[in-house]
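Please look over the structure shown here.

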Amino acid sequence: MTNNLLFIEEPKLLFGHGQSVEDPRDGLILFGPLEKGKPYGVHYGIIGTQEGIRRFRSWAERLNQPIHDSKKSIARPPFLGFETIFDTPWSLSPDLELVIPTEDLFKAIYLDDKYQRVYKTVELYSSRIIRAISEEETKVDIWFVIVPDEVHKYCRPKSIIDVTKLMQADTKMDPKYARSLRTQPSLLFQDDNINAIPYQYEVNFHNQLKARLLDKLVLTQIVRESTIAPGELLDRFGRPARGMDKLQASAAWNICTAVFYKIGGRPWKISGIREGVCYIGLVFKKTMDSSNADNACCAAQMFLDSGDGIVFRGDVGPWYNPDKGDYHLKRKAAHELIEIAVNTYKRYFNKPPDELFIHGKVEFNSEEWQGFQDAADDKDTNLVGVKIQDSNEIKLFRKSDHPILRGLAYIRSKRSAYLWTRGYIPRLQTYPGLEVPNPLYIKICRGQADIEIVLQDILALTKLNYNACVYADGVPVTLKFADAVGEILTAGPIKGDVPLPFRHYI
């Protein structure tokens with residue numbers, strides 16, 4: 001089929017009692033999650049300032065009651081309570097509670113050196129969590145990290161602090177020199193090696209905290225105070241600073257779904273997905289190592305037909321091509337990365353995948369594709385490479401007050417098409433966007449597959465974001481978190497390359 005418009009039916013999701021519906025919130029309300037969580041419920045810890053902990057406790061007490069957004073909408077259903085929706089007990093009190101002195105936190109937040117500012121802010125949280133893991137007899141499934149909005153505002157790469165609030169850091173170093181000490185420590189100036197540590201991490205609180213806790217296998221849910229206590233944090237006009245007072249049900253849906261998934265529950269999976277299929281999204285991120293400007297970290301996000309996700313870290317190497325602005329692996333590195341993924345799949349299912357789709361933002365070159373084939377060298381595995389990218393080359397309009405339907409596809413050839421993963425959604429009676437929706441350009445660049453099946457799979461993969469309970473995303477989960485995962489993997493000197501579940505990165 002070429003040069004034809006095709007409408008792909010909205011993929012359904014599978015929930016409890018074997019029931020399928022389009023919207024994850026409908027499914028959870030009507031039938032409950034696909035698999036129940038732990039019978040004892042959620043064992044959680046809280047870390048934050050005294051005020052932050054008080055605000056979280058107040059919010060947690062409301063989670064077993066219905067929560068409504070101020071503006072009623074089909075697209076924003078009420079949250080009916082954690083235990084009602086997830087069929088899992090929710091405790092009103094934490095199992096552990098760690099207090100960060102407010103004065104210490106703001107001393108770190110206002111440092112005039114951004115590297116030390118973020119490192120020391122993260123240290124206040126990470127050191128207490130790590131100490132609790134080793135010293136406390138009580139163990140928790142997940143930590144709620146409650147942060148003042150100042151952490152979000154001032155602990156990011158381009159943050160600017162009012163000069164009247166700045167506090168001078170005790171020592172400062174040239175970032176380039178400090179990062180060089182990571183691979184070539186100074187023999188004469190031992191203090192330099194210690195003072196250089198903050199400069200070897202990314203200037204981003206979220207990514208750095210996740211990275212520094214990876215080797216401890218700590219699961220976290222970072223929550224801004226203005227999200228859970230909007231009525232207490234006002235702007236200069238006396239209004240909630242972020243308008244979150246109107247989105248309390250949405251916030252509860254998103255946070256609670258993420259927490260349920262992170263503690264081992266399975267909210268839903270794609271209904272009717274072909275057994276034996278496996279999807280891998282490639283992740284590239286330039287490293288902070290200044291020794292080679294072309295060095296990048298490569299990783300793979302693997303998603304199984306069960307809905308489970310696993311992240312594999314590959315080699316750091318000169319994968320970046322400055323002339324073309326894209327990334328490509330050498331044959332050996334490509335082989336090693338996919339080999340880890342295939343072997344992990346075999347441990348789950350005792351056989352190689354029947355179909356292995358590799359998603360990327362650029363076309364795969366011959367060398368890296370040969371490496372992929374070497375790793376998946378099994379006559380029973382169909383290996384397919386798919387390029388997926390946002391496109392503004394084509395727009396479609398309809399004679400209506402609404403834009404075109406989500407799920408519409410324009411088939412260019414047997415190997416390429418445009419797919420509108422954003423558009424009007426009849427179930428929600430709205431288009432959750434502001435501009436005329438653009439499609440994804442999808443091309444089967446390696447291997448053999450039916451373009452319609454590839455489109456159906458990609459549309460379905462837009463519904464596997466367990467980090468937010470929404471109808472669907474605009475891009476498949478294989479690429480949705482690619483940048484975020486890459487940033488965590490390169491946020492600092494991470495120890496160990498053991499594959500970890502996707503829940504550790506979101």
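A patch, as the word is used here, is made of residues with over 30% relative accessible area and no salt bridge, and nonpolar side chains are joined within 5 Å. In this predicted model, L187, L188 and F189 form such a nonpolar patch on the surface. Together the three residues have about 420 Å² of accessible area. F189 lies in the loop between α7 (175–180) and α8 (190–195).

Another phenylalanine, F397, sits in the loop between β15 (382–390) and β16 (408–413). F397 counts as exposed because its relative accessibility is 64%, and the cut-off for that term is over 50%. Apart from neighbours within four places in sequence, F397 is in contact with I404 and V436. From F397 to A417 the separation is 20 residues in sequence and 17 Å in space, C-alpha to C-alpha.

Next come two packed helices. Helix α4 (residues 102–109) packs against helix α5 (residues 114–135) at an angle of about 155 degrees, and their axes are 8 Å apart. That angle makes α4 roughly antiparallel to α5, since angles over 145 degrees count as such. On the α4 side, D104, L105, A108 and I109 take part, and they meet R117, K120, T121, L124 and Y125 in α5.

The buried residues are F205, N207, Q208, L209, K210, A211, R212 and L213.

Key: Residues numbered from 1 in each chain as written. Predicted model: local features only at pLDDT ≥ 70, side-chain atom pairs only at ≥ 80, totals over all residues. Heavy atoms only, no water. Helix = DSSP H or I, 4+ residues; strand = E, 2+ residues; numbered from the N terminus. Buried < 20%, exposed > 50% of the residue type's maximum accessible area, 1.4 Å probe, protein only. Contact = heavy atoms within 4.5 Å. Patch = residues over 30% accessible without salt bridge, like charges linked within 9 Å, V, L, I, M, F, W, Y side chains within 5 Å. Areas by Shrake-Rupley, 256 points an atom, 1.4 Å probe, with all protein chains shown as cover. Salt bridge = Lys/Arg side-chain N within 4 Å of Asp/Glu carboxyl O. Axes fitted to C-alpha atoms, helices over the stretch in contact; angles between N-to-C directions. Parallel < 35°, antiparallel > 145°, perpendicular 65-115°, else oblique.
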